[in-house]
Amino acid sequence: MQEMSAAMARRTALAAQGLASRRSRSGPAGRAAVRSAVRTTGLLQIDSVSVVVRAHYAPVFSRVGPYDRTLIDEAAWTDTVRRPRSLVEYWAHEAALLPVEDWPLMRWRMELYRHGRWGGAARILDREPTLAEDVLAVIDHVGPSSAGEIEKHLSVERPGRKGPWWDRSDVKVVCEQLFAAGTVTVPARSGFVRRYELTERVIPADILGIDIDEPDAVRALIEKSSRALGIGTEPDLRDYFRLSHRQAKAAITDLVDDGVLEQVAVRGWNAPAYLHRDARTPRAATVATLLCPFDPMIFYRPRVERIFDFHYRIEIYTPQHKRIHGYYVFPFLLDGHLVARVDLKAERASSELHVIAAYVEGDRDARDIAPRLRDVLHEMAEWLELERVVVGTRGDLVAALR
């Protein structure tokens with residue numbers, strides 16, 4: 001069995017995620033660079049928090065630098081003859097954008113979710129058995145619609161009733177059930193609100209018609225996750241697309257037998273690792289960039305701790321007085337290591353990127369980190385069309401940063 005050092009495994013993982021080196025360029029990254037970054041990650045997690053920028057935009061910036069965010073919007077939420085839709089929403093690693101051609105790989109999950117991801121929709125449909133059909137009829141008639149717009153279409157008083165015959169949230173729950181089941185999807189958003197449409201009107205027929213059984217789909221997903229990760233343990237590989245241990249174990253065995261994956265031992269790791277046959281291990285990692293909390297490089301926290309010796313938790317849901325590092329903290333990646341934590345907020349009214357707090361990780365020297373971080377912060381501010389970077393007072397890095 002091949003043995004690797006932890007440093008080699010870390011550089012392999014960074015290279016697979018497009019975070020080992022960045023191509024030199026003049027001006028904002030173009031369409032080809034953005035597409036390449038999305039292909040590298042394989043998915044972009046979606047989250048509603050916009051304290052700095054929506055989560056699905058940030059990983060591309062981390063890999064290519066400033067770019068036009070409408071390129072992601074076009075890929076996911078527009079569809080023209082000249083530029084066909086290339087990304088679609090579904091439950092991959094949580095809610096995510098994934099390549100349209102990967103839609104058939106999720107059919108087994110759509111079947112699993114045919115009554116919704118939780119139990120709410122089933123209870124509602126027991127009470128109002130025609131509501132799903134009514135929702136689909138509205139969408140069929142009027143086209144892409146938000147849950148609120150569908151509610152308005154359905155809010156017709158019935159004899160003996162005052163107002164709608166369902167609770168106001170019922171329509172939204174049923175829309176989400178239909179989305180999870182793959183019956184509807186999201187071709188557009190308005191103010192980040194989902195607009196639902198019949199799937200057959202969004203996914204091309206040649207893709208929609210592909211039928212892949214669960215074992216083959218899971219095997220393909222594990223191959224995709226291993227390619228995106230470069231090297232990983234079994235929990236790493238299955239977490240990328242939120243697969244079960246049972247599914248992942250069988251798929252990994254097949255991929256090892258076929259030579260796609262090689263089992264290796266990484267010194268310091270407490271579990272076997274699997275190296276993708278196309279993974280490369282660069283001599284050095286030279287990127288300086290900020291990673292949002294939902295970046296694919298760091299969204300599986302046990303892997304972050306194993307690879308970087310960096311204990312990381314998002315503190316959005318932690319009461320303010322109990323937060324250690326801040327509300328929306330970006331780890332700072334510098335030359336292959338996570339060297340700092342930066343709590344950021346975009347104050348658009350004043351056109352400022354606020355560094356609320358910044359902390360050095362471990363015993364590193366703030367004077368070595370600050371100049372590189374300063375450059376990245378100004379690059380981010382420019383990308384977000386903010387005029388200034390304002391540094392606060394919290395943390396042992398802010399003095400050097402100012």
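This is a predicted model: local features need pLDDT of at least 70, side-chain atom pairs count only at pLDDT 80 or more; totals for chains, interfaces and linings use all residues.
In strand β6, the bridge partner of V184 is L198.

V184 is a residue of strand β5, which covers residues 184–190. Strands β5 and β6 run antiparallel to each other and are paired over five bridges. Strands of a sheet are held in pairs by backbone hydrogen bonds, and the pairing can be parallel or antiparallel. The hairpin made by β5 and β6 has two residues between its strands, and G191 there adopts a positive phi near 60°. Of the seven residues of β5, five are buried, so the strand is largely enclosed by the rest of the structure.

## The strands around β4

Strand β4 has two pairing partners described here. With strand β2 (residues 44–45), β4 pairs in the antiparallel sense over two bridges. Within that pairing, L44 has L97 of β4 as its bridge partner. With strand β3 (residues 87–92), β4 is again antiparallel, this time over six bridges. Here L87 has P99 of β4 as its bridge partner. The hairpin that joins β3 to β4 passes through one residue.

How many of the six residues of β4 are buried? Five are, so β4 is largely enclosed by the rest of the structure.

## The four-stranded sheet

An open sheet is formed by four strands in the order β1-β8-β9-β7, and its pairing is mixed. Its edge strands are β1 (2–4) and β7 (231–232), each of which pairs on one side only. Strand β1 pairs with strand β8 (residues 261–266) in the parallel sense, over three bridges. In that pairing, E3 has A265 of β8 as its bridge partner.

## The largest pocket

The largest pocket has a volume of about 770 Å³. It is lined by 33 residues, of which R35, V38, R39, T40 and P99 are the closest to its centre. Helix α2 gives the most, with seven residues.

What classes of residue make up this lining? There are 13 nonpolar, seven polar and 13 charged residues.

## Salt bridges

The structure holds 29 salt bridges. Three of them are set out below, with the distance between nitrogen and oxygen.

| Pair | N to O distance | Accessibility of the Lys or Arg | Accessibility of the Asp or Glu |
|---|---|---|---|
| K224 and D102 | 3.3 Å | K224, 31% | D102, 6% |
| R114 and E111 | 3.2 Å | R114, 43% | E111, 46% |
| R195 and E149 | 3.0 Å | R195, 18% | E149, 29% |

The salt bridge between K224 and D102 links distant parts of the chain, 122 residues apart. K224 belongs to helix α11 (residues 214–229), while D102 sits in the loop between β4 (94–99) and α5 (107–112). Is D102 buried or exposed? With a relative accessibility of 6%, D102 counts as buried, because buried means under 20% relative accessible area. K224, at 31%, is partly exposed.

In the salt bridge of R114 with E111, both residues fall in the middle class: R114 is partly exposed at 43%, and E111 is partly exposed at 46%.

R195 and E149 form a salt bridge in which the closest N and O atoms are 3.0 Å apart. R195 lies in strand β6 (residues 193–198) and E149 in helix α8 (residues 147–154), so this pair ties together parts that are 46 residues apart in sequence. R195 counts as buried at 18%, whereas E149 is partly exposed at 29%.

Salt bridges can also share partners, and in this way E89, K172, E176, R189 and R194 are joined into one network.

Definitions and conventions: Residues are numbered from 1 along each chain as its sequence is written. Side-chain values use heavy atoms; hydrogens and water are left out. A salt bridge is a side-chain nitrogen of Lys or Arg within 4 Å of a carboxyl oxygen of Asp or Glu. Buried means under 20% relative accessible area, exposed over 50%, partly exposed in between (1.4 Å probe, protein chains only). Two strands pair if DSSP finds at least two bridges between them. On a 1 Å grid over the protein atoms alone, a cavity is a set of points where a 1.4 Å probe fits but cannot get out, and a pocket is an open set with protein on both sides within 12 Å along at least five of seven lines; lining residues have an atom within 4 Å of a point. Grid points are joined across faces, edges and corners, and a volume is the space filled by probe spheres set on the points. Ala, Val, Leu, Ile, Met, Phe, Trp, Tyr, Cys and Pro count as nonpolar, Asp, Glu, Lys and Arg as charged, and the others, Gly among them, as polar.
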